[in-house]
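I opened this model to look up a few points and kept notes as I went. The entries follow in the order I made them.

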Amino acid sequence: MATFVKEYDWMWLPSGLNLSPAECRVYAYIYGLTESKHSKTKGYNGSVRQLAKTLGLDDSGVSRILRKLQEKQFVLTNEGTYASADIFRSSADSVRSSADLISSGADSIRESADSISSPLTTPLYKEINKEMERDNNIARNTIATQDPKPFDLFNEFLSAYSAKRKELCGYTYVPQGDYLQLARELWSNLPPVTQRLLIRDIKSGKWYRGRIDWVISDYKMLEPKNYNGSPDLNRMAESNDMVVALYDGAAGIYTRQDAEDYGMDIKRPFKL
């Protein structure tokens with residue numbers, strides 16, 4: 001997949017779009033899915049993490065690139081799907097002058113994709129597609145069973161962020177319109193455990209950004225501290241409620257608070 005994108009990144013560099021190589025890679029990938037005859041969604045509807053993994057980029061870098069592409073209106077979002085905008089109808093002279101070059105390049109991409117080297121029909125793409133479908137099924141099942149519901153968690157997030165912003169800036173802030181929709185789309189891409197931890201860290205003051213979309217897209221969930229074999233175990237056990245719990249399929253010793261926050265399978269209390 002990444003090899004196909006790299007082969008056509010160069011087509012956007014002289015086009016007047018003023019994009020870096022990494023931005024070209026993300027845009028070319030989304031553009032290819034948007035224009036492909038084989039794509040049912042007409043765009044990319046996976047997570048930021050999966051997109052970064054597919055293109056060989058880091059998560060935070062892809063988040064920033066997606067924001068920039070949306071700010072430039074090269075990429076639009078609709079119900080969680082990223083699609084390339086119709087940049088060829090732009091009134092900007094620099095874009096109009098390069099429309100023929102981009103269009104001819106896009107035709108060669110589509111012809112190649114429809115015939116010999118289409119990434120949408122390669123075993124690699126099929127495997128990625130299956131993985132994304134599994135992730136979507138897991139997300140749908142989580143949404144169907146999670147308590148509270150994701151929308152309630154989003155409202156709790158909005159309340160926490162608004163309260164923190166009022167505390168820091170001195171005025172009430174209520175996001176609306178497209179800004180609110182963007183925040184909701186970014187939020188829906190987060191796993192439930194990350195959503196809960198983000199709310200916790202906003203409330204505690206550990207995490208804050210000036211823009212609500214940056215608060216979501218730039219957030220990195222830290223790994224919980226496993227005290228099994230740690231020199232701090234005795235000290236922690238003296239003053240904290242410790243448990244033996246499973247995290248990512250492996251048993252460890254954690255504080256009960258971390259075990260609950262990270263949704264671990266708690267096996268038993270840990271006592272010295």
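**Entry 1: the whole chain**

I began with contacts in the protein chain: of those with a separation of 6 or more, 60% are between residues 24 or more positions apart. I note here that the model is predicted. I looked up the secondary structure and found 13 helices and five strands in the protein chain. The chain has 272 residues, and 45% of them count as buried. Its exposed surface comes to about 15100 Å², with carbon and sulfur atoms supplying 51%.

**Entry 2: cavities**

I wanted to know where empty space is left, which rolling a probe the size of a water molecule over the atoms shows. How many cavities of 30 Å³ or more does a search of the whole structure find? The search finds two. I followed up the second largest cavity, which holds about 50 Å³ of space.

I wrote down its lining: Val 48, Ser 63, Leu 66, Arg 67, Gln 70, Tyr 82, Leu 182, Leu 186 and Ser 217. Helix H4 (59–71) and helix H9 (177–188) are the elements that give two or more residues to this lining. H4 gives the most, with four residues. I sorted the lining residues by type and got five nonpolar, three polar and one charged.

H9 has twelve residues and spans 17 Å from first C-alpha to last, close to the 16 Å expected at 1.5 Å a residue. Which residues of H9 are buried? I listed Leu 180, Leu 182, Ala 183, Glu 185, Leu 186 and Trp 187. For reading such a list I keep in mind that an α-helix has 3.6 residues a turn, so residues three or four places apart point the same way.

H10 has 13 residues and reaches 19 Å between its first and last C-alpha atoms, close to the 18 Å expected at 1.5 Å a residue. Its buried residues are Val 193, Thr 194, Gln 195, Leu 197, Leu 198, Ile 199, Asp 201 and Ile 202. After H10 comes Gly 205, with a positive phi near 85 degrees.

I looked up Leu 153, which is in helix H8. Leu 153 counts as buried because its relative accessibility is 4%, under the 20% cut-off. Its C-alpha is separated by 8.4 Å from that of Ile 199, 46 residues apart along the chain. Ile 199 is one of the buried residues of H10.

Arg 165 is also placed in H8, which covers residues 150–169. Is Arg 165 buried or exposed? Arg 165 has a relative accessible area of 13%, so it is buried. Leaving aside neighbours within four places in sequence, I found Arg 165 in contact with Gly 170, Tyr 171, Tyr 173, Tyr 208 and Gly 210. Arg 209 is 44 residues from Arg 165 in sequence, and their C-alpha atoms are 9.0 Å apart.

**Entry 3: loops with positive phi**

Gln 73 sits in the loop between H4 and strand S1 (75–78). Its relative accessibility is 56%, so Gln 73 counts as exposed.

Asp 248 is not a glycine either, and its phi is positive, about 55 degrees. Where does Asp 248 lie? I placed Asp 248 in the loop between strand S3 (242–247) and strand S4 (250–255). Asp 248 is exposed, with a relative accessible area of 69%.

I went on to Thr 255, which is found in S4. Thr 255 counts as buried because its relative accessibility is 11%, under the 20% cut-off. Not counting residues up to four places away in sequence, Thr 255 touches Tyr 227, Met 236, Asn 240, Asp 241, Met 242 and Val 243.

My last item was Glu 79, in the loop between S1 and strand S2 (81–84). With a relative accessible area of 73%, Glu 79 is exposed. Glu 79 and Gln 181 are 102 residues apart in sequence, with 8.7 Å between their C-alpha atoms.

How values were computed. Residues are numbered from 1 along each chain as its sequence is written. This is a predicted model: local features need pLDDT of at least 70, side-chain atom pairs count only at pLDDT 80 or more; totals for chains, interfaces and linings use all residues. Side-chain values use heavy atoms; hydrogens and water are left out. On a 1 Å grid over the protein atoms alone, a cavity is a set of points where a 1.4 Å probe fits but cannot get out, and a pocket is an open set with protein on both sides within 12 Å along at least five of seven lines; lining residues have an atom within 4 Å of a point. Grid points are joined across faces, edges and corners, and a volume is the space filled by probe spheres set on the points. Ala, Val, Leu, Ile, Met, Phe, Trp, Tyr, Cys and Pro count as nonpolar, Asp, Glu, Lys and Arg as charged, and the others, Gly among them, as polar. The expected span of a helix is 1.5 Å times one less than its number of residues. Buried means under 20% relative accessible area, exposed over 50%, partly exposed in between (1.4 Å probe, protein chains only). Contact means heavy atoms within 4.5 Å. Accessible areas come from the Shrake-Rupley method with a 1.4 Å probe; for residues, only the protein chains shown count as cover.
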